[in-house]
Amino acid sequence: MPDLRALLESLGAEDVVTYVQSGNVIFKSTESADKLNRIIERRIRRDLGLSVTVLLRTPRRLAKVEAGNPFAGEPTKLHVTFLAEKPDRARVRKLDPKHAAPDEFRIVGQEVYLHCPNGYGRSKLTNAYFEKQLGVAATTRNWKTVTKLAVLAGA
């Protein structure tokens, strides 16, 4: 995480804050998210030797994600899978809502809200599942992380 923080600062990002050891970074930049995505991915590959997909969300978008969770219940059972892009509608329609019962999901734009009563570790609704079914890169965060990132981004 210190290397990632330094990399972002070298790109002109300001107020860089990392959260836990999973690539979560909050920062300010005057660049557009699309341009930043490409630049950050390229520099991570070049400077850190890692080929990763970077998923960016603005503070406004994170606030919408936090406010838009369709599931009520215990926060430890709630997760959000962030998608690199909005999935094709035809692929979304092909998803079987009962594929992983009792787990549930709702796709809203570039996010997949998850309710996993038995825990995410036992769910079939994994990054790999959504990446394969929707054809887009994904990363999942638990609800505690999502809400903390929204707070940090709004600060």
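Which strands does helix H5 lie across, and at about what angle does it run to S6? Here are my notes, with that one taken up in the opening point.

1. **Helix H5 on the sheet.** Helix H5 (residues 127-134) lies across S3, S4, strand S5 (111-115) and S6, and runs at about 145° to S6. Helices and strands here are DSSP runs (H or I of at least four residues for helices, E of at least two for strands), numbered from the N terminus. Axes are lines fitted to C-alpha atoms, for helices over the stretch in contact, with angles from 0 to 180 degrees between N-to-C directions. Contact means heavy atoms within 4.5 Å. H6 lies across S3, S5 and S6, at about 90° to S6.

2. **What kind of model this is.** Please keep in mind that this is a predicted model, in which local features need pLDDT of at least 70 and side-chain atom pairs count only at pLDDT 80 or more, while totals for chains, interfaces and linings use all residues. Residues are numbered from 1 along each chain as its sequence is written, and side-chain values use heavy atoms, with hydrogens and water left out.

3. **The four-stranded sheet.** The open sheet has four strands in the order S4-S5-S3-S6, with antiparallel pairing. Its edge strands are strand S4 (104-108) and S6, each of which pairs on one side only. From one strand to the next, the twist averages 20°. Two strands pair if DSSP finds at least two bridges between them.

4. **Pairs within that sheet.** Strand S3 (residues 78-83) and S6 run antiparallel and are joined by five bridges; Thr81 has Thr140 in S6 as its bridge partner. S4 and S5 are also antiparallel, over five bridges, and Phe105 stands opposite Leu114 in S5. The S4 and S5 hairpin has two residues between the strands, and Gly109 there takes a positive phi near 65°.

5. **The S1 and S2 hairpin.** S1 and S2 pair in the antiparallel sense over four bridges, with Val17 opposite Ile26 in S2. Four residues sit between these two strands, and Val20 in the turn has a positive phi of about 50°. Val20 is not a glycine, and at a relative accessible area of 45% it is partly exposed. Asp15, in strand S1, is another residue other than glycine with a positive phi, near 50°.

6. **The largest pocket.** About 1100 Å³ of space lies in it. Of its 38 lining residues, Gly23, Val25, Phe27, Leu55 and Leu56 are the closest to its centre. The elements giving two or more residues to the lining are helix H1 (2-10), strand S1 (14-19), strand S2 (24-28), helix H2 (33-48), helix H3 (59-67), strand S6 (138-142) and helix H6 (143-154). The lining divides into 25 nonpolar, seven polar and six charged residues.

7. **How a pocket is defined.** On a 1 Å grid over the protein atoms alone, a pocket is an open set of points where a 1.4 Å probe fits, with protein on both sides within 12 Å along at least five of seven lines; lining residues have an atom within 4 Å of a point. Grid points are joined across faces, edges and corners, and a volume is the space filled by probe spheres set on the points.

8. **The second largest pocket.** Its volume is about 180 Å³. Ala33, Asp34, Asn37, Leu55, Leu56, Arg57, Thr58, Arg61, Ala84 and Gln110 line it, and H2 gives the largest share, three residues. Four of the lining residues are nonpolar, three polar and three charged.

9. His115, in strand S5, is buried because its relative accessible area is 15%, and buried means under 20% (exposed is over 50%, partly exposed in between, with a 1.4 Å probe and protein chains only). Beyond its neighbours within four places in sequence, His115 is in contact with Phe71, Ala72, Lys77, Leu78, Pro102, Asp103 and Glu104. Pro102 lies in the loop between helix H4 (89-94) and S4, and the peptide bond from Ala101 to Pro102 is cis, with omega near 15°. Pro75, in the loop between H3 and S3, is partly exposed at 46% relative accessibility.

Terms used. Ala, Val, Leu, Ile, Met, Phe, Trp, Tyr, Cys and Pro count as nonpolar, Asp, Glu, Lys and Arg as charged, and the others, Gly among them, as polar.
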